[in-house]
Amino acid sequence: MPGHVISVLLFLALHQLLVLPVVAYTALSDNFLRLVPSGGDDFDIDNGKLLAPILIPRVAGTPGQTAAQQHFLNFFAAELPEWGVEWYNSTSTTPVTGNRQIPFANLVFKREPPWVKEGQSNLLTLVAHYDSKITPNGFIGATDSAAPCAILMHVARTLDRFVTQMYDEMSALGEGGSVEMDMGVQILLLDGEEAFRAWTATDSLYGARALAEQWESSPHPAMSFYRNPLDQISMFVLLDLLGAANPNVPSYIQTTHWAYRNMATIEDRMRKLGLLESAPARPFLPDADKKVFRPPSIGDDHVPFMARGVPILHLITSPFPDQWHTMDDDGAHLDMPTVRDWAKIVTAFALEWLDMMEVEPKENSGARAV
Ligand SMILES: [Zn+2]
């Protein structure tokens with residue numbers, strides 16, 4: 001074989017090695033997008049099973065906090081029994097509650113391949129806060145963040161069937177055990193996001209600060225692929241202030257703009273296929289082509305995680321909804337087509353992230369669009 005042919009072949013072989021992506025990322029087909037359910041009546045504000053029970057005041061240390069936690073636990077126990085449940089409890093004083101230690105409880109619901117050892121799976125991490133603001137008295141916080149919590153419950157429920165099929169097939173084929181294939185998902189429902197008096201570094205993000213700190217100081221066993229639970233987060237997708245009509249969610253972070261673009265592409269494809277109900281003048285995610293970024297400045301639950309190097313996709317509207325931190329942020333002021341469209345978009349993004357084209361339903365009979 002002439003030398004130049006060998007070098008060309010060598011070049012091609014090396015090129016192959018270099019350009020192979022670490023994780024296969026296959027866009028969902030149009031057919032799969034059509035099967036993504038919206039949640040339908042489950043988001044009804046009066047008796048929908050996902051959202052209605054959390055449209056109550058949910059301040060840490062009050063009965064509403066316990067009721068919200070119970071709602072999440074009951075849902076996962078009844079519908080998603082394969083998901084692990086972890087509590088991360090902490091206490092803190094606040095500027096308005098004197099010497100009393102207020103209890104904060106983050107809830108983590110996790111589904112990962114059954115064969116993984118501790119610290120082995122990479123986890124798409126979907127996040128919202130479930131506490132509500134202490135003032136004005138009786139504040140509900142429908143966009144802030146009851147609707148995002150309900151959306152994440154819907155996402156978990158929809159993913160479960162496909163994730164189960166994927167893990168079963170991989171187990172049967174003896175696959176798995178490689179870093180990029182050991183993908184899982186966790187839902188973080190965080191407590192104590194809101195300030196009790198006014199937003200400061202210590203009066204806000206009570207749950208997120210405690211969790212980021214705890215995970216950073218919880219190393220996995222020595223031979224684990226990921227050093228600690230923070231390191232396992234493949235993307236921290238934070239939903240906040242979603243559910244009002246005509247949302248504008250910019251791309252905030254340059255290093256994860258590629259993930260934003262993936263979600264914006266999904267929204268665009270779903271709109272063109274006529275799969276979304278809302279008809280806003282601009283897309284929810286209008287920044288796919290953004291080139292110039294400024295340092296992100298919105299304080300939210302991602303901050304203690306971002307400070308520790310966790311990749312963040314921040315889905316928060318800018319400007320904030322008109323009803324932000326007022327009594328009008330209640331169920332009646334939600335725009336339900338927008339809520340259901342967010343549920344579809346985030347679900348499709350998660351399905352695509354987890355490479356679910358591997359288990360694409362062959363016919364429309366498989367999944368029921370609700
Ligand atoms: Zn708020």
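1. In this predicted model, helix α6 crosses helix α8 in a right-handed sense. The two helices, spanning residues 257-272 and 336-353 respectively, pack with their axes 9 Å apart and at an angle of about 120°.

2. The contact draws on N262, M263, I266, E267 and M270 from α6, and on K344, I345, A348, F349 and E352 from α8. By residue class, this contact comprises six nonpolar, three charged and one polar residue.

3. Helix α5, residues 206-216, is largely enclosed by the rest of the structure, because eight of its eleven residues are buried. The buried positions are Y206, G207, A208, R209, A210, L211, A212 and W215. Among the elements covering these buried residues are the strands β1 (84-92), β2 (102-111) and β4 (183-190), together with helix α7 (303-306).

4. The largest nonpolar core contains 100 residues, and A150, L152, A350 and L354 have the most contacts inside it. Helix α4, residues 142-173, gives the most to this core, contributing 15 residues. In soluble globular proteins, nonpolar side chains generally tend to be buried together.

5. With residues up to four places away in sequence left out, L354 touches L124, L159, V163, M183 and V185.

How values were computed
Residues are numbered from 1 along each chain as its sequence is written. This is a predicted model: local features need pLDDT of at least 70, side-chain atom pairs count only at pLDDT 80 or more; totals for chains, interfaces and linings use all residues. A residue is buried if 20 or more other C-beta atoms lie within 10 Å of its own, exposed if 12 or fewer, and partly exposed in between; C-beta atoms are placed from the backbone. Helices (H or I, at least four residues) and strands (E, at least two) are DSSP runs, numbered from the N terminus. Two residues are in contact if their C-beta atoms, placed from the backbone, lie within 7 Å. A nonpolar core is a set of buried Ala, Val, Leu, Ile, Met, Phe, Trp, Tyr and Cys residues joined through C-beta atoms within 7 Å. Axes are lines fitted to C-alpha atoms, for helices over the stretch in contact, and angles run from 0 to 180 degrees between N-to-C directions. A crossing is left-handed if the near helix is turned anticlockwise from the far one by less than a right angle, and right-handed if clockwise. Ala, Val, Leu, Ile, Met, Phe, Trp, Tyr, Cys and Pro count as nonpolar, Asp, Glu, Lys and Arg as charged, and the others, Gly among them, as polar.
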